[in-house]
Amino acid sequence: MTFEAMWRDLVPVGRSATSGGYRRSPWTSLEAELRAWFAEAALARGLEVETDAIGNQVAWWRPTTPTELPAVLTGSHLDSVHDGGAFDGPLGVVSALAAVDVLRDRGFEPTRGIGVSVFTEEEGSRFGLACLGSRLVTGATTWEAVRRRQDRDGIYLDDAVSAAGLDPTGDLMSLSDVGCFVELHVEQGRDLVDRDVAVGVASEIWPHGRYRFDFTGEANHAGTTRMEDRRDPMLTYAMTALAANKQARLCDQRATFGRLEVTPNGTNAVPSHVTAWLDARCSDDASLADLVETITRQSHDRASRDGTALTVTAESVSSSVTFDPDLARSLAALGDWPVIATQAGHDAGILSAAGIATAMLFVRNPTGVSHSPDEHAETVDCLVGVEALADTLTMLAS
Ligand code: HGY
Ligand code: MN
Ligand code: MN
């Protein structure tokens with residue numbers, strides 16, 4: 001089944017009829033449908049499919065002669081952000097399966113195992129920790145540390161995993177015999193468009209984090225309460241969002257408040273409580289710490305003026321990642337591809353941080369837009385990406 005045929009099968013799964021965006025949330029019936037799709041596509045290629053305790057999957061192409069040589073792993077994720085695009089994640093999974101087809105068409109015989117992987121909850125959109133599946137597999141976090149995280153409906157992670165028919169106390173995917181990992185991903189920006197190139201190689205991932213700001217004030221009547229008598233958490237939040245934007249602009253970094261919860265969320269009442277999530281990303285770890293510290297300090301200053309209270313909780317922090325430069329250079333040489341940085345987090349960053357030689361291939365996104373239904377990649381560029389991945393696997397698995 002060709003890349004286009006696999007893509008046609010996958011595209012409708014979880015797409016909203018209204019927005020055209022995706023809500024592929026982990027440990028739901030929709031993810032079960034995606035996992036089944038992956039297993040079927042892998043089995044159709046004679047790959048051995050393994051699903052671990054929390055739903056991470058890997059499909060193995062074993063060499064005909066048993067070997068002790070470390071395996072090559074390639075893949076990405078199938079979960080999405082709320083109303084995300086079609087390509088962020090799935091492009092890497094479908095391209096990995098299509099690259100296996102290309103290698104077979106070329107008559108390639110691997111001398112070491114080639115695994116196609118799908119890590120769960122890469123976006124952290126349900127339980128708030130980015131790359132949850134790969135963090136558990138690499139030991140970057142532990143099941144005990146995360147099992148009682150709650151989603152927006154108050155469902156605990158361990159209950160969600162069990163309800164999905166998995167046994168979270170079982171074994172996690174093992175990477176002990178994996179020597180390197182390559183993730184192909186749609187570019188989440190315009191660098192390749194501006195360079196007029198179909199494929200790029202990642203040099204680094206900016207450090208980034210997600211911080212929950214809890215603002216507490218005093219609920220009151222929107223009409224009868226004089227402005228000077230209010231303790232309005234929405235005001236403190238609003239000034240914090242403006243401060244974050246200003247600070248990020250001043251130091252040429254990134255800060256976003258994209259998610260907000262207001263209690264009681266009434267039209268004619270001053271709220272009692274506002275929760276807002278800051279996504280901050282910087283070119284280095286020290287700048288990230290400085291930016292978050294500055295925003296937090298200014299938010300506390302504003303809270304003291306508004307008579308509101310503030311607590312800030314770091315929910316997900318990913319340190320800077322520099323990919324193996326020799327590996328990046330060897331991939332770039334395969335197609336004279338540019339080597340570019342990204343501000344988006346990936347499972348590849350988690351595996352790199354765990355000491356596995358890791359690289360990323362990016363495929364041109366003509367809109368440059370991501371985490372939106374407008375995210376896009378042309379089929380012709382996707383097919384160039386598949387060939388680049390096949391060339392990479394040939395180099396790594398020979
Ligand atoms: O949020 C990110 O950077 C990635 O898309 N998970
Ligand atoms: Mn993403
Ligand atoms: Mn992604």
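**Close-up views of a predicted model**

Phe215 is buried, at a relative accessible area of 0%.

**View 1. Phe215 in an aromatic cluster.** Ring pairs join Phe213, Phe215, Tyr237 and Phe257 into a cluster. Within it, Tyr237 is also buried, with a relative accessible area of 13%. Phe215 and Tyr237 are arranged edge-to-face, 6.2 Å centre to centre and with 70 degrees between the planes. Their pairing links distant parts of the chain, since Phe215 belongs to strand β7 (residues 208-216) and Tyr237 to helix α8 (residues 233-250), 22 residues apart.

View 2. Across the whole structure, a search finds 9 aromatic pairs. One of them, Phe3 with Trp7, is stacked, at 5.9 Å centre to centre and 5 degrees between the planes. The two residues are 4 apart in helix α1 (residues 3-10), and therefore separated by about one helical turn. Phe3 is buried at 6% relative accessible area, and Trp7 counts as buried at 12%.

**View 3. The manganese site.** Asp88 (OD), Glu123 (OE), Glu123 (OE) and His371 (NE2) coordinate the manganese ion (ligand 2) at 2.1 to 2.8 Å. Asp88 bridges this ion and the manganese ion (ligand 3), 3.6 Å apart. Glu123 lies in the loop between β4 (114-119) and α4 (132-138), and His371 in the loop between β15 (357-363) and α12 (379-397), so the pair ties together parts 248 residues apart in sequence. Glu123 is buried (6%), whereas His371 is partly exposed (39%).

**View 4. Arginines over tryptophan rings.** The charged end of Arg104 sits over the ring of Trp61, 4.6 Å from its centre. Arg259 lies over the face of Trp277, 3.6 Å from the ring centre.

Key:
Residues are numbered from 1 along each chain as its sequence is written. Chains are lettered from A and ligands numbered from 1 in the order in which they are written. This is a predicted model: local features need pLDDT of at least 70, side-chain atom pairs count only at pLDDT 80 or more; totals for chains, interfaces and linings use all residues. Side-chain values use heavy atoms; hydrogens and water are left out. Donors are N, O and S atoms within 2.8 Å of the metal (3.2 Å for Na, K and Ca); water is not among the atoms, so sites may look incomplete. Buried means under 20% relative accessible area, exposed over 50%, partly exposed in between (1.4 Å probe, protein chains only). Rings of Phe, Tyr and Trp (its six-membered ring) pair if their centres lie within 6.5 Å; planes under 30 degrees apart count as stacked, over 60 as edge-to-face and the rest as tilted. A charge sits over a ring if NZ of Lys or CZ of Arg is within 6 Å of the ring centre and within 35 degrees of the ring normal.
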